[in-house]
Amino acid sequence: MEACKKIIGLLNTVKEKNPLVHHLTNYVTVNDCANITLAIGASPVMADDINEVTDMVSLASSLVINIGTLNERTVESMLAAGKRANELNIPIIIDPVGAGATAYRTETAKRLMDELEIAVIRGNLSEIKTLYGIKAQTKGVDSSEDISSSQDELENAKELAVDFAKKINTVIAITGVIDIITDGRTLYTVENGHKIMSKVTGTGCMCTSLIGSYLGARENNLLAALSGVVSMGIAGEIAYENLSGNYGGTGSLKVGILDVIFNLNEEVIMKRGKINEECCKL
Amino acid sequence: MEACKKIIGLLNTVKEKNPLVHHLTNYVTVNDCANITLAIGASPVMADDINEVTDMVSLASSLVINIGTLNERTVESMLAAGKRANELNIPIIIDPVGAGATAYRTETAKRLMDELEIAVIRGNLSEIKTLYGIKAQTKGVDSSEDISSSQDELENAKELAVDFAKKINTVIAITGVIDIITDGRTLYTVENGHKIMSKVTGTGCMCTSLIGSYLGARENNLLAALSGVVSMGIAGEIAYENLSGNYGGTGSLKVGILDVIFNLNEEVIMKRGKINEECCKL
Amino acid sequence: MEACKKIIGLLNTVKEKNPLVHHLTNYVTVNDCANITLAIGASPVMADDINEVTDMVSLASSLVINIGTLNERTVESMLAAGKRANELNIPIIIDPVGAGATAYRTETAKRLMDELEIAVIRGNLSEIKTLYGIKAQTKGVDSSEDISSSQDELENAKELAVDFAKKINTVIAITGVIDIITDGRTLYTVENGHKIMSKVTGTGCMCTSLIGSYLGARENNLLAALSGVVSMGIAGEIAYENLSGNYGGTGSLKVGILDVIFNLNEEVIMKRGKINEECCKL
């Protein structure tokens, strides 16, 4: 309940401040990322040319770097934008899409981690394991591993997240059936969402854009990550419940997710948020 | 009423001629631009490589240049396509997305204006002010200024539009709460639309693609600009009215806008069009 | 009926194996391609940088090459990914979007055909004629020719498809009002679909991604092509029937197509599939 109230507070701040969220992201889900950023109450801008990224990020309240369709040109822009963001204390979230699938993705994600100070990293378990340095099983950009309900696996994933967060002083968000969000001191698990969400491309990217939007309020990185994850989970589960008839499917689900985020409010968050908070072991 | 009838006439011509509209546009809203071009009755083609843009534009009835996610490679292609379009008297519409936000966008938009003969420029007030040479307040790609109901501001914006249109011999369309469209001799204000449209990415880009589609009928640039702006406004307000229940939001709104444009007809335009026409002061 | 049963079998295999389908595709319809690949039960990955395409395709079960917004950088990546796919016996489908519209598209499509071993080519009649070597009428990326109900034209298109398939030892799929699919020995005509589908961008690309998904099951290239074409046609016609009220249009149609594909099953295919099978003349 306490966590839900904090999320509501941050949501209201986003709606009030309407922060500009600069995205360097992929061309697959970019439209959905822009629309979900608008729906939550922030303002997206997509710009990736080296001639303008440092200017653009200077106007922004947060920076989203998503490597979903990275290439040599945009990787340079990501680094340039990130460095400028660091100079101006603009928080950065990285979405290491497909890290582990190819050496180029893994190396680029690591390079971004090494050269930039990152506020939040959000990925699936495979991607986070890869960045942490464990050889992970990946399948393209989808995790082929998940945090199952097995208590052991969940505990292992939590430990990994906490250790990683401490080591690089960054909030780590691992999303899956159960989501883990931690800054190394406090750890949240979230049980919102529905498995059908994995059948819509970009639910991970959209979650990252939501976290980017919350980061733009410039209050608390851990709370921003939690807020994005909970918002996305609630949107997915309500959108799923609203699918009607024989032909409700993933087309309608995506539309519904944007609709729910646009209408997200105190009542929905208080009623729906399934958040567990714990202190991390030292 | 007179203006509405002309729009209906032009809409019918578009549906009859099915003009090919070559787009060099951004990767954020490109899918919506293609779909709205099809929905109004034209035919979109997106091609941006320097090896083919002059060939492609030669087949087209109009050219849309949108700098939403410009880069060095595509800017060269925009100029090449534009020059070929000028040689062949194919009308060009420019959407100077984010002009004023970064020097690169401002300079590119001005370069396009300087090197090409443009039929129509459509932008928000910040973008048009920037191109006109007034330092404007911008926030990423969204206007942070708008034409409010204040009579003074509206008059100032009209004067600017008229003067700009005369100076560069181009139709200027400023879209916002009240839209202004002028060729420097006749000025239209349009009060269709709904403020929720600003919460869907690409409503500006889609309006530009609609104008591009109407330009493809090759009748009258001013009427094409007016037709695009009125069509988009009507689509937004009907789509808003059709949102149903607790979770109608911006996901459904975008789908609805395309649906309305697909069904746009004489009856709807006559009933909905809120257009005021005036002669420009010399 | 026999063909429908085989399609159902292949659909079940796709859902069971969840094959990874590597796409090098255009930025206009890429999101819809990813979502339809997920909806049918496969897993899409989009990657186009030369630094990673050979690694990525090595993980994949099939490769989709779509030249809708080709450029020099991505064409090199298409060739590199394709060559690696050939080495690993990973089936390739090519969608020669706009072949015939510009020399660059025609030459690129032919270069892909020459340098790679292709499992399936899917295009409209103009595109396939262009690749076959007949001067075709094209209009941007839309076919300006179609297989009409005229028996003569249909027979000509069939002969062309059979001869082309034999010559290059590749399954040829020509989609239009009537679809033709052949490997040069067996020929299928399919009469599913609805003409409104041509008013949504990317129905061709989505069909290609469906074929790519079926190819990922690694059973039978001809059956994969047939399955993709029939699935897309059924999706379009059901989505059209489900459009409701005054403002059902092409926005809703696209959402509906994804919904239907997500729910595609034995019952629907058996009830809807309109397939005719014939042996090819020698």
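The model shown is predicted.

**View 1. Chain A holds eleven helices and eleven strands.**
Chain A has 282 residues, and its radius of gyration is 17 Å. The globule rule gives 19 Å for that length, so chain A is as compact as a globular protein of 282 residues. Along its principal axes, the C-alpha trace spans about 50 × 40 × 35 Å.

**View 2. Buried residues make up 65% of chain A.**
That share is taken over the 282 residues of the chain. Now look at which parts of the sequence meet. Take the contacts in chain A with a separation of 6 or more. Of these, 73% join residues 24 or more positions apart.

**View 3. Helices H9 and H10 of chain A pack against each other.**
H9(A) covers residues 221-242. Its axis lies 8 Å from that of H10(A), at an angle of about 125°. The crossing of the two helices is right-handed.

**View 4. Residues from H9(A) and H10(A) form the contact between these helices.**
H9(A) brings Ser231(A), Ile234(A), Ala235(A), Gly236(A), Ile238(A), Ala239(A), Tyr240(A) and Asn242(A). H10(A) brings Leu253(A), Gly256(A), Ile257(A), Val260(A) and Ile261(A). By class, nine residues of this contact are nonpolar and four are polar. No charged residue takes part.

**View 5. In chain C, helix H9 packs against helix H10.**
H9(C) runs through residues 221-242, and H10(C) through residues 250-263. The contact has nine nonpolar residues, four polar ones and no charged ones.

**View 6. Chain A touches chain C.**
Here 29 residues of chain A are in contact with 30 residues of chain C. On the chain A side, helix H5 (103-115) and helix H10 (250-263) each supply at least two residues. H10(A) gives the most, with four residues. This side of chain A has ten nonpolar, 14 polar and five charged residues.

Note on methods: Residues numbered from 1 in each chain as written. Chains lettered and ligands numbered in written order. Predicted model: local features only at pLDDT ≥ 70, side-chain atom pairs only at ≥ 80, totals over all residues. Contact = placed C-beta atoms within 7 Å. Nonpolar A, V, L, I, M, F, W, Y, C, P; charged D, E, K, R; others polar. Axes fitted to C-alpha atoms, helices over the stretch in contact; angles between N-to-C directions. Left-handed = near helix turned anticlockwise from the far one by under 90°. Rg over C-alpha atoms; globule rule 2.2 N^0.38 Å. Buried ≥ 20, exposed ≤ 12 C-beta atoms within 10 Å, placed from the backbone.
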